[in-house]
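Open the model in your viewer and keep the sequence panel in view. This tour goes stop by stop, with something to select at each one.

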Amino acid sequence: MSDLEKLIKSRKAKIVLLGLGYVGLPVACLFAKAGFSVIGVNRGREKVDLVNNSISPIKGDEPGLDTLLKKVIKAKKLSATTDYSVCKEADVVLIAVETPVDPGTLTPKYDALKSALKSLGPNLQKGSLVIVESTIAPGTMKNLVVPILEEESGLKLNRDFYLGHCPERVMPGKLLKNLKNYHRVVGGFTPQTAQVMKEFYKTFVTGDLDLTDVTTAEVVKTTENYYRDTEIAFANQLALLCESVGVNVYEARRLVNKVEDRNVHLPGAGVGGHCLPKDSLLNVSPLRTKNNSDAFLAVKMADLTREVNDFMPIHVINLLLDALKEAGKKLQTSKVVLLGYSYLADSDDTRNSPSQIFIDKFNRRSKNIIIHDPYVAEHSEKSLEEALTDADAAVFMVAHKQYKNLNLDKLKNLMRTRVLIDGRNIFDKGKARAAGFIYKGVGNI
Ligand code: SAJ
């Protein structure tokens, strides 16, 4: 282990990173920038060719990533391949592959992780360190990662190779910034391994590097997002209560949050993204498989959190139906415009977008819908004005800045019927109604 530490401190350690995605690519670039020689391995040839030609496969605005990629490729500090045998030369192997949840069983789908481990195994070198960066359910390191690596390599953990879990904390649009500045939980199978991992991440991470064991690291990462998902679900339930008693949830939230240690989150049209929709289910998945009678409530809580947040796009459809009825219009004969298809304001990322839930449900009743999103290529052909011309209803699912700057009088003159459904508290209800709109907002009708 001390040899490895010396190689890391001198930047002579050879790094191989498995999975050139939203996490893997920026991580590979940052270690290359720190002075290491890094090889990125990806199953798909396309991504490998893009990276070797200094072209980032990540769409959307990622400040600094394109420039950094060009720099490290030019300096020959980073290269990409589909060939796992490069792991034979690796002193440190990082694994950053996707870890989705099966929508049917609500348990982890580890196909990509298992495939990476089985490809690494035969090429794993004695004395090397393997670090899993993907978000995984508590217990996965011990119950899945160790057995596959030992069986496929014939090597023994902590005798022949070392293993740790350092979960990534990233947000589209701030990949490099978050990877550098966010605190990291550094989980090692032994304290010595955790210490070497700390030396490794210290080469570019400026946040705290908190040492712990692998299972605690698994719990922390999934909990931090489960917690946020549940906070948002609470806010969404509060919105539904406020609608039923005629209160503006945003005013109620403002007053509640004046109380010390209260932090009611923003209600809205739903919760999407690559983290929150799955991490609550990853967190409780060890309990789902065990028939641990006392644990059923924890599973129920995670499932309810997901059920509440995934109901919100459906609730937006219900608000739309109520408003069209007030306008004397039928859904099937109305031109509806859905504004915002990404999961996050001012982002092009559409993974697990609440708008997809809206569209799936809407399409069962009508096909008369136009989707507009300035950041999503397939939904930005029409300008906002073209999309809204002669519309009967405008449904705002994402608070893109282009929508926040919309002039209500201009909007009114474009539309045939003035139904305005506000999923993200973009507009002032009083002003919208004064301008002649039938306005219904989540938590504010
Ligand atoms: N959302 C709400 N109400 C809120 C906050 C968010 O409805 O009060 C919705 C958003 O519209 C979006 C979804 O939830 O659809 C997720 O939003 P997010 O701000 O959590 O964005 P993410 O998914 O990119 O969150 C990631 C997470 N970070 C990591 O997984 C490392 C999250 O824990 C961070 O708080 C967030 O980035 C961040 O702000 O960095």
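This is a predicted model: local features need pLDDT of at least 70, side-chain atom pairs count only at pLDDT 80 or more; totals for chains, interfaces and linings use all residues.

**Stop 1: helix 4.** Select residues 65-74, which make up helix 4. Which residues of helix 4 are buried? Color Leu 65, Leu 68, Leu 69, Val 72 and Ile 73: these are the buried ones. Now look down the axis of helix 4. The buried residues line one face of the helix, because they fall within an arc of 125 degrees.

**Stop 2: the packing partners.** Go back to the buried residues of helix 4 and show what they pack against. Two helices to display are helix 2 (24-33) and helix 3 (45-52).

**Stop 3: after the helix.** Select Lys 76, which follows helix 4. Its phi is positive, near 55 degrees.

**Stop 4: His 265.** Start by selecting Ser 79. From there, jump 186 residues in sequence to His 265; the C-alpha to C-alpha distance is 42 Å. His 265 sits in the loop that runs between helix 10 (249-256) and helix 11 (276-289). Is His 265 buried or exposed? With a relative accessible area of 12%, His 265 falls under the 20% cut-off, so it counts as buried.

**Stop 5: around His 265.** Show Arg 228, Glu 231, Ile 232, Ala 235 and Arg 253. His 265 touches each of these residues. Finish on Glu 231: its side chain makes a polar contact with the side chain of His 265, at 3.0 Å.

Technical notes:
Residues are numbered from 1 along each chain as its sequence is written. Side-chain values use heavy atoms; hydrogens and water are left out. Helices (H or I, at least four residues) and strands (E, at least two) are DSSP runs, numbered from the N terminus. Buried means under 20% relative accessible area, exposed over 50%, partly exposed in between (1.4 Å probe, protein chains only). Contact means heavy atoms within 4.5 Å. A polar contact is a pair of N or O atoms within 3.5 Å; within protein, one must be able to donate a hydrogen and the other to accept it, and residues adjacent in sequence count only if both atoms are side-chain atoms. The arc is that of the directions from the helix axis to the C-beta atoms. Lists of a residue's contacts leave out its neighbours within four places in sequence.
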